[in-house]
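Have a look at the sequence and the structure first.

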Amino acid sequence: MKKFSFIMTILLISVFVLAACGGANNNAGENMDNHSNNDTSTDNTADNTADNTADDTADDTADMGPTEVRWFVGLGAGSDEGTFAPQEAFVEKFNASQDDIVLVLEIVDNDVAFDTLATQIAAGNAPDIVGPVGIRGRDSFKGAWLDLTAMIEASSYDLDAFDPGLVDFYHDAEEGLLGIPFAIFPSFVIYNADLFDEAGLPYPPAAYGESYVDADGVAHDWTIDTVRDLSMQLSVDVNGVDASQDGFDPENIVQFGWQNLWTDLRGTGTMWGAGSLVDSDGNAQMPEPWVEGMKWTYDAWWTDWFVPNGAYGGADFLQGPGGSFSSGNLAMIQMHMWYVAPWALGDVPFAWNLAASPSNDGVTTAKMHADTFQIPKGAAHPDEAFEVLTHMLSEEGAGELLLVYGGMPARLSMQDGYFATYTEANFPGSDINWDVVVASMAYADNPNHESYMPSFQETTDRYNEFWNLLANNPGLDVDAEFEILLADLQSIFDAAE
Amino acid sequence: MAEANKKKAVKRITSKRLTDASKKLLITGMALMVLIVFLIPMGYGIVTAVKTDGQFSKVGAPWWPASEGQLLFEEKEYDMFLVPLEDGDIPISLALYKKGRTVSQFVDPNNIEAGPFEWEGNWRGLERDWAYDPQWQNFSEAWETIDFPLLLRNTFLYAVITTFGAVLSASLVGFGFARFRIPFKNVMFLLMLSTVILPNAVTLIPTYYLFLRLGWVGTWLPLVIPTFFSWGTNVFLMRQFFMSIPRELDDAAMIDGANPFQVFWKIIMPQSIPALTAVALFHFFYAWNDFFGPLIYLAGNPEKFPITVGLTAFNNLYSQSTNLIQAASIISVIIPLIVFIFAQRFFMQGIVITGVEK
Amino acid sequence: MNEIGELRNMGKVAEKSAPKFDSEAKWGLGFLTPWIIGFILFYLLPMIASFVLSLYDFNPAVPDEAFFVGFDNWRRAIFEDEEVRLSLVRTIRFASISLPIGLGFSLYLAILLNSKNVIAKPIFRALFYMPSMIPMVATVLIWNGVLNEQTGWINIIIENITGIQAVGTEGIRWLNDVDLVYYAYTMFGLWGVGGAMIIFLAGLQGIPTELYEAAKIDGAGWLRQLRSITLPLLTPVIFYQLVLGVIASLQYFLAPFVLNRGTGAPEGMTRFIYVYFYKQSFTFFNMGYGSTIAWLLFIVGLIITVLLFGTARYWVYYSSEER
């Protein structure tokens, strides 16, 4: 009896271990039949729309009729509440227009989107089309995307309709063409006009190359230093004294002048110049402009007091649906086109407009986000997914979707007249300085601030920790902290072999 | 003499009673103070939950729920402030029309036709005109936004099903440990207790991967199925209880030809209602509050979330709306509380059964 | 107390008789089947598989790219990766703050609510027990609000009563100050003392009152009684809570995750060992490395448990040693 149970145990262990190792050899594309867990619901915790007709038809199992194409949203734009209903509407319209494909929407909160998608791919349950996804999303899943070249050639898809520079963006030397440009989100400065009025200061320049004429009529180049001077005047304490004046009380600041909002070390540093944390040999490096930018920001947090530091960042008076700027207590931010949308700026009780990005040492860098829709390698229905993709990129499809995500069309024919439609749909009656948005395209960052790094998530976490350390502790030796960061990044890169 | 003694005795008794009473009051008072401090966060939660949105972004807002007075002037809303027209005057409520560093313009709500007039001074030093305005509808807003009925349904089903499985399997296994002589029984019992005591992280990854390949990730199965295979603590409780039941009835039944299973089902179980209830209640609440399991197995499937994970996701999505977060938390608290109020006696007794068994 | 007592006793009484597979044993095994299957399927096999996995570099999202790395993961975890050691140290530091305070507070409450000088004891007990029923997530979120340095009531009250600057960014930053954050987390845990309190209460009620009366006759005050009667006789219960508490600390995850998504803010202070394990396994998807960390955690837990049990006989007093 003993011998038998001993053998049984060994057998069971081997079976399990084989399963563990054998699982490591399985083709990632193997499609496991998952009737029990195939979750195609369009609902999201915050979704109140009750209309699920698309969902109901999609739930017919073993349906030999229309092919179901799963659309995964959440890696980039599209997971904010204000975008749910319009995306649903798009899906319904598409489904009603043809009978071969049933498009099913899956919206996942951005915070968990990466983990969720990774889990789905690992389980052999990859969605058919993912997007909008930007560079960060694409690079987080390096190796997981389908090369579209074959399908493009087979359908004679016209790539010339897009800006060639942007098409190149999606071309990876090893992996082929992973996406077709859909939307671009240049960045620029957004300012709170009311706060400028209150201080009696003129607005920032509306076009690149213009200088900033201050309250005394003196013209300055629109550089980062000018931004600093201006922002200090716009950082005010509870007594109405601003940061450039004596008697400023840093413990009771009620309004700030500047912030590089909703970005990280790389995004902020890029305002001083584009770069990458990975050098040509794959080792960790810290670009000089980024060191400069970090020091400038550190001073702005703890000495000059015009950017909200860690302690102030969580303060109630800087909260709003669009972060600190929408609270009305922040004067200027550098931000992308996708922020100029109703969900962030729709209900704000102050006047705002767009201005040019500042330059550093004669060079202006306005970081760029570019989103598109991509097809995972493990997709169940790649051909149908490609069809949906072409629809999304078409003039009609993109026309609807761009209004939702707030992006500029990458399709050349759509670029004229786009902004008039956009203003009409989202901010009727306002006079927004769209020219600066188009002009900002010329200053896109190359390499992109979201480009690939080894162990992407872990590296991001590590440099975010560095950022938080500086944001919460005055009196640090920034250079020394950079040394520590670089050493850690190097060991992460080394372990990623 | 006896009279005097009796009087002294009465005095001593009454003065003793007084010191007793004052001691009682003192210590009860201390307990009350501790209780109040202990429960302060609840008060905070409720008060914050009914604050207005605007309160958070405006500096100087009071700690009680309030909304700022506003004036509709020329089709725009302007905030009202308490402004002393001259130094030393009683401040009156005026609408701030145009802000300026040293000079601002105000409109008098009682004299709108006069239009805006100038006032010298620092507007930031002024208090806004706050009025008490609790937003009780925040609760219903949080309720709908978080889709609480869905979370509730999920949590309830999860708790009920797993409790059923847990109680059933714990009884079976506990009976086995309690009533039979089995080779290596002590070894197995020791192993079972160690699974309770030692960290379980080491089993997590392969189990997760197994469920991943089975396609069960994203469903309730990985969470429900294991409970039918019993859980150390519950088994222990049932075993203790069974061991305290005298064997006479068992033996009598066996002599009459009953097999052990019939003994289990017909004789032991009916006598074990208190322990079964205790185990059921404990497991119910354990499942109700379970966080890590649902977190990793249900990621990305929000329609299956229980309250714990749903609340976390809500916190991530709506971190800007402090009042809604607090409202949602308070809502999550209410149901366990209500159940507790009705069932508290069972709880406290249940713990005593488990805790005192030595 | 209960389970620990069992374990100790079993260590003493060895199974003398030869194993018999008679019908009784067969029936017994039959009843035990659910547990046996569960143990093998969900505990034994995964533990072994986990060890095997720790020898690989394995990312479940791209399983066909897994490759054998031998003991590389182990070497990295023990010698190279500072984070493993640091997060363990943090966990132990946190436990050394939260366990004494938590146990002390629940013991204090039990003694207080057992005193004959408190009116309406059942109501007090119920009210103190109540918060332990609340889902921990809600507890954390509510306390997070109350400890907010600007609008939280704790700071407002402290400032109003003592005049120390507590409110504002220069005040007491409970959740962002590296020196205070562990105390803040301990406060979350205080709402869960209800269960421990009731168990202590039951233990207290098990102490024969004759002992107290004898002590009073001998002239012992309440403090002396506490030290010489109450505490020694409660040591079994304290031991039980201590073991459970230590193991729970090793697996402390919910609060840091809900508040910071595992980033360990402030400055990594809340990246405890289990949080680091979660990040490596379920965020970075380095499951081979994660398995290594899990095994290390298991070994540490085992060592601590053995130590606790081993030293128990020196301070835990059992009124009945034989069974």
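## Ground rules

This is a predicted model, in which local features need pLDDT of at least 70, side-chain atom pairs count only at pLDDT 80 or more, and totals for chains, interfaces and linings use all residues. Residues are numbered from 1 along each chain as its sequence is written, chains are lettered from A and ligands numbered from 1 in the order in which they are written, and side-chain values use heavy atoms, with hydrogens and water left out.

## Chain C on its own

Chain C has 14 helices and two strands; helices (H or I, at least four residues) and strands (E, at least two) are DSSP runs, numbered from the N terminus. Of the 323 residues in chain C, 58% are buried. Here buried means under 20% relative accessible area, exposed means over 50%, and partly exposed is in between (1.4 Å probe, protein chains only).

Take the contacts (heavy atoms within 4.5 Å) in chain C between residues at least 6 apart in sequence: 65% of them join residues at least 24 apart.

The size of an interface is often given as the accessible area lost when the parts come together. For chain C and chain B, the buried area is about 9300 Å², with 79% of it on carbon and sulfur atoms. That is the accessible area (1.4 Å probe) that two parts lose on being put together, summed over both. C:Phe31, C:Trp35 and C:Trp153 supply 9% of what chain C buries against chain B, more than any other three residues.

On the residue count, 99 come from chain C and 98 from chain B. Looking for salt bridges (a side-chain nitrogen of Lys or Arg within 4 Å of a carboxyl oxygen of Asp or Glu) across this interface turns up zero.

## Backbone details in chain A

Chain A has a cis peptide bond between A:Gly131 and A:Pro132, with omega about 0°, and A:Pro132 sits in strand β3 (residues 129–133). The bond from A:Asn446 to A:Pro447 is also cis, with omega near 5°; A:Pro447 is in the loop between α18 (435–440) and α19 (456–472).

A:Ser455 lies in the loop between α18 and α19 too, and has a positive phi of about 50° although it is not a glycine. A:Ser455 is partly exposed, at 26% relative accessible area. A:Ser156 has a positive phi near 50° and is exposed, at 62%; its loop runs between α6 (149–154) and α7 (164–169).
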